[in-house]
Structures are given as C-alpha cells and as structure tokens.
Amino acid sequence: MHVVEAVDLTKVYHNRYIALNALDLKVDKGMVYGLVGPNGAGKSTIFRIMLGLQRPTAGEARVFGEPMTPQRADLRRRIGFLPTNPALPRDMTPISYLQFVGKLLGMDRGEVMIRLTTLLQAVDLTSVGSQRIDELSTGMVTRLGIAAALMNDPELLIFDEPTSGLDPAGRRQTIELIRELSGSDRTIIIATHILSDVERVCTDIGIITDGRVIHHGPMAEMRRLVRQRTLSIEVEGNLRHFEQQLPELDTFGAIRFERIGSEFRISFLGAEPIPTYVQRVLDLVDRTGVELLHLNTGAHEIEEAFLRRLEEDRATSFVRASAWTTAQKLALPPANNGATVEVISEAIPTPDGIDVVDVDVDPDAEGAGQSAPDGDGDTEAEASDGGVLHSGSP
Amino acid sequence: MEAYFTLVRRDLEQLISSWLLRGWVVLLAAPAAFLVVVAAREDELASETLAAYVAAVLAPLSWIVISVLAGTAVSGEAGTVADSILSKSVTRSEYIWAKITSRLVVFMTIYLSIVIPFAYLIDRYAISNDTSISGVAGGVVLVGVLFVFLTSFGIALSTVFRNSQFAVVAALLTVAVSGAVLQFLGLKWMSTTAVIGGLPETFRGDTPFADQLRVLIVFTALSLAAIVSGVWVFERRDL
C-alpha cells in the first residue's frame, strides 16, 4: 500500500485551465519525497486534492490506501499540511491558534498544552506566543504553520514550499527540522522549486511540469546520473576560441553546453566515460591557451538534471501525445483485460533528435506510471496505462 | 463532533468580538428603552408602539447587520478556511453547520433578549395597553422567523460567492426587491413588508392564526431550502 497514490489524476478548472493532466504519483512509507517543478506546474493542486480541499475532474487520489474526499476528516487527522505562505486567522495568537488546531484534532487539553509549548520552542516562536498573528513576519507565520502541521505528530507531512518567505537562517532551520522529522515511519512530501532544498533532505524526487510527473525515482540515482554526465569549467582568455572548440570534446560532437559569463556548463551526451572527457577538456585548455580558473564535475547537478528532463519532456510532447492516442486505440477490450500488449514502432524522430524506440503497454505492470534512468545515461520510452511517460535519448 | 463544537465556539468568539454586533445591540436597546418611557407617559397604543419599533428600528437595522454578518460567514474566511481549518480533521459539514448554528444562536439570542423584555415592559407600563399575550407572542415569532430566513439566506449566499461583498450586497438587494416581486406575483402576504405592516393587528391578536401559520410555514420552508442549498454548495465547491 502506498501512503499517497494518484492514478490518472486530472484537474481542469472551469473547462479552461488544465492544472493536472492524467498525473500518476506514488509515494511510499518512510520516503522524503521532493516534488519539484516550475511555478504553475500543478504541485499545490495535487496537495489540495490529496487533502480533499478540491475534487479531481477525473482520476483518483488515494491516501493511506483510501480515496480522499472532503468528508474524510479521519484521513486528514493523519496528515500534517503546511500550505505556501499559510493564511492563518489573523486575530489569533500562536498559542490560541495551536490550541484551536489541537481541539480540531480531538486532542485533550493537557496534551495540547504540552505539545504546543514543545512546538513553539522547536520553531523558535516562544517569545511571540501571545502576539497576534497579523503582527508576525512572513517567516514566523510559516514557522507557526509548520508547528500546526506537527501538532498531532502525523504519519504524513505535506509541505508546500516550506522555505518560502524565510530568511537564510529560517530556511536552514526549516530544512534541519524536516531532516529531523524524516526517518522512522513518517512520510514527508515537499513541493518546492528550490532544488538545493530537495537535494539536502529528500530521498526521492519527482519532477512535475504542465500537470504531469515526467520523472521520478531515488534522489541518489538522479544525482549519480547527472554527476557522471556534467562538468562545469571556468576559464579566462580567448573564450570565443575555447567555445568554438567545445564540440570537439566528443568524437561525434554529442555535447550540450551553456555559457554563463566565463563559466561553461557542459553536458556530455556520448557514451564515453567522464575521465576521458575531463582529460579532453584539459587538453583543450592547453591547446586554446585559456587559463583554467575552476573545474568541477557535478556542479549544479540537480538543476542540470531538472532542466534536462524539462527539455526532454518538451521535445517529446508531440510524440507522447501520438503514442498515447495509439495506445488508447489499442486499449485492451474487456475480454483481453490483463494481457500485455507490446507495440514496437519505428523510431520517430523528434525536433531534438531524440527518438522514441518502443512503446510497451502493460496495464497491470508493477510500477506503472514510473520511469527511471537505466543507469547508463540512456533513457527508454515507457508507457503504461496507455501513456508514454518517459522518453529520452537513445 | 469535537471539531464541530470547537468551530461553533470559535465563531461565537469572533461574533462577540465584532463591533458591528455590539453596535447593533446598543442601537436596538437604546430606542427600546426610550419607547418604554414614552409609552408610560404618552397615550400611545401599545400595539402601535411595538409595531413602530419593529418597523422603524428593529427590522431595518437587523436587515443590514444580519445581511452583513451572515453574508460574510463563509466568504469572509475564504482566505483562511482551507489553510487553517479544512486541511485539518474537519469535514465540510461540520464547518458549515457550525457557522449556521453560531450565527442563528447569536442573532436569535440578541433579538429575543431585546424584544421580549421590551414587549413585557410595554405591556406592563403602557397607558393604553391593547395587546394580547398570544398576539405579542405571535408577532415575536413571525419576526423571528423572518430573521432566521435572512440568516439562512445570507449564509447560503456566502457559500456561493467567494467575494464577501457580493454576498452581502446580494442578500441586501434580494430582501429589498422581494416585496415588489412578490406583489407582482400576487404573493404580497409572503413579503417581509406585508408581515411587518400587519404587526399592529398581530400584536392585538386580530390576525387569524391560519394567516400566521401560513407565514410561519413558508418562511421556515424557505429557511430550510436556503440552508440545504448552502450546505450542498459548500460541500461540493473547490477551496
């Protein structure tokens, strides 16, 4: 049983705006799951549906194995939620608000008082405990929101942009707090667009864009994948000449680079090992006569991986839509339900030169809706429940 | 139920700390006290004094205050309800019923705690006492039912409109134009204006019981319809 599970979750607002697009998501017990995506990707909408604050247009959201609806207060009792910039009752004080939350959760008075004093201390709000909420800073309100989310020590914590509005010290404190909360059997889901936060605390990561999860898997795997394939170098001298020579680093010119001032972030798309590339970079530095200031493999790794997945997703969106339509046409009739259909198609070229090589349709496949790098830097197209969920370079 | 009672208590605290509500109480009580003194000194009919108080003070002030406080019951908390209440272990039903309960309790308590002593004092001290106990009781109940309807209707509107100002204006306007519309439809007896206009006879005990019962049933039904609609809408809307 997954702690959180979304199957084909779709949310369309007023028949105009698609917030979630047949999204699949699974979060298991004990995970610290980072949901990363640009603004408007659908992160908050997922949470609102998971909490029963909104109803899905189609698909299903399950929490602790049961469908979540607005009436499932029993399920919400097991969830602690911190919204982005939480809107808390302005006329209350931190103490009265936590008492109020404790009563809503059915805690007895003694338990509430013990818990709230501990939590106010933990989030460093003891000194302002009797001040009105509208007199608190944004960071203090966020910290109070965290305390409220932890009031009954829930099994599942959902933090939507927990470091939003916090100063560096508050941010660090929050990250440390989340780190402390992880472990044991507690599951934590954090939505953010601050990738360094995810890197610090998460065990798993899901990348969401345009209402779909386009990648998810263990954090370590993603980190390893990117570290192997990227390199950051800062040089001084004839940068133009150096830049022109960069494609020669790979035998087939399979590199992608980005220049930011005197820094080059190079992604190697070829299959050769990274030490070979590093040696070639050093040779290139010698050959072009530039001065090496800084060389690092794996710098900006998570950002790099995130952006790469977004690019790949954009490049293959049309192919994915076509494949989904094909798979829908091949959808199993009731008599064949449970069987596996494999569609082997011709390689379909995409604008980015990325080919989709095969499409597997397996409605009963374990881990349906998941995609993961295969370890050698390549990715393969996968489809399940009628949709290609992941595709990448051959 | 723990959550329901917590929410009722919280809403009662909010209402009691509202300056609008406090002002309403003062503005209802002061003229009532003045009219008791007048009735004791001047040769005014008790039924006319009571009816004039309802028509000139109680009804218009309560129409505004109840429309505002009921119209903002849910929409007034639109910004905080999802983040700080309904994301906790609270059902939509518990929340909306708590709002309905607390608002009805507060409005009815204030109304009855002013109008009953006022009616008693008028009955006791007025020089020309033409009221009957059953008539006064009937009038108090009729006006109370109108307020229950206004409260229910305002809360229903506050579940429909996210903007509390729209909800308040809609509640005020609906009552304001309902008299004309009902007259046009040949249902003038259903309008609040007609009920209030007929209060002198009601206080004297001259209004037939059947007519009073008809008004009572209609406004009770309308109140129930408004409550059911409000609950239905709120339980289905996205927050």
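## Salt bridges, a helix pair and a surface patch

At 24% relative accessibility, A:Arg62 counts as partly exposed. This residue belongs to a predicted model, and its side chain meets that of A:Glu60 in a salt bridge with an N to O distance of 3.2 Å. A:Glu60 is itself partly exposed, at 32% relative accessibility.

Side chains of opposite charge can pair when their charged atoms come close. Over all chains, a search of the whole structure finds 21 salt bridges. Three of these pairs are listed below.

| Pair | N to O distance |
|---|---|
| A:Glu60 and A:Arg62 | 3.2 Å |
| A:Arg132 and A:Asp134 | 3.0 Å |
| B:Arg204 and B:Glu48 | 3.7 Å |

In the second pair, A:Arg132 is partly exposed at 36% relative accessibility, and A:Asp134 is partly exposed with a relative accessible area of 30%.

B:Arg204 lies in helix α9 (residues 199–204) of chain B and B:Glu48 in helix α3 of chain B, so the pair ties together parts that are 156 residues apart in sequence. Both residues also belong to a network of salt bridges that includes B:Asp130, B:Glu201 and B:Asp206.

Helix α3 (residues 46–71) of chain B also comes within 8 Å of helix α6 (residues 133–160) of chain B, axis to axis, and the axes cross at roughly 20°. The two helices are therefore roughly parallel to each other, and α3(B) passes α6(B) in a right-handed crossing.

Elsewhere in chain B, helix α7 (residues 164–184) contains B:Phe184. This residue is exposed, with a relative accessible area of 74%. Together with B:Val177, B:Val181 and B:Leu185, B:Phe184 forms a nonpolar surface patch with about 440 Å² of accessible area.

Terms used
Residues are numbered from 1 along each chain as its sequence is written. Chains are lettered from A and ligands numbered from 1 in the order in which they are written. This is a predicted model: local features need pLDDT of at least 70, side-chain atom pairs count only at pLDDT 80 or more; totals for chains, interfaces and linings use all residues. Side-chain values use heavy atoms; hydrogens and water are left out. Patches are made of residues with over 30% relative accessible area and no salt bridge: like charges are joined within 9 Å, nonpolar side chains (Val, Leu, Ile, Met, Phe, Trp, Tyr) within 5 Å. Accessible areas come from the Shrake-Rupley method with a 1.4 Å probe; for residues, only the protein chains shown count as cover. A salt bridge is a side-chain nitrogen of Lys or Arg within 4 Å of a carboxyl oxygen of Asp or Glu. Helices (H or I, at least four residues) and strands (E, at least two) are DSSP runs, numbered from the N terminus. Buried means under 20% relative accessible area, exposed over 50%, partly exposed in between (1.4 Å probe, protein chains only). Axes are lines fitted to C-alpha atoms, for helices over the stretch in contact, and angles run from 0 to 180 degrees between N-to-C directions. Angles under 35 degrees count as roughly parallel, over 145 as roughly antiparallel, 65 to 115 as roughly perpendicular and the rest as oblique. A crossing is left-handed if the near helix is turned anticlockwise from the far one by less than a right angle, and right-handed if clockwise.
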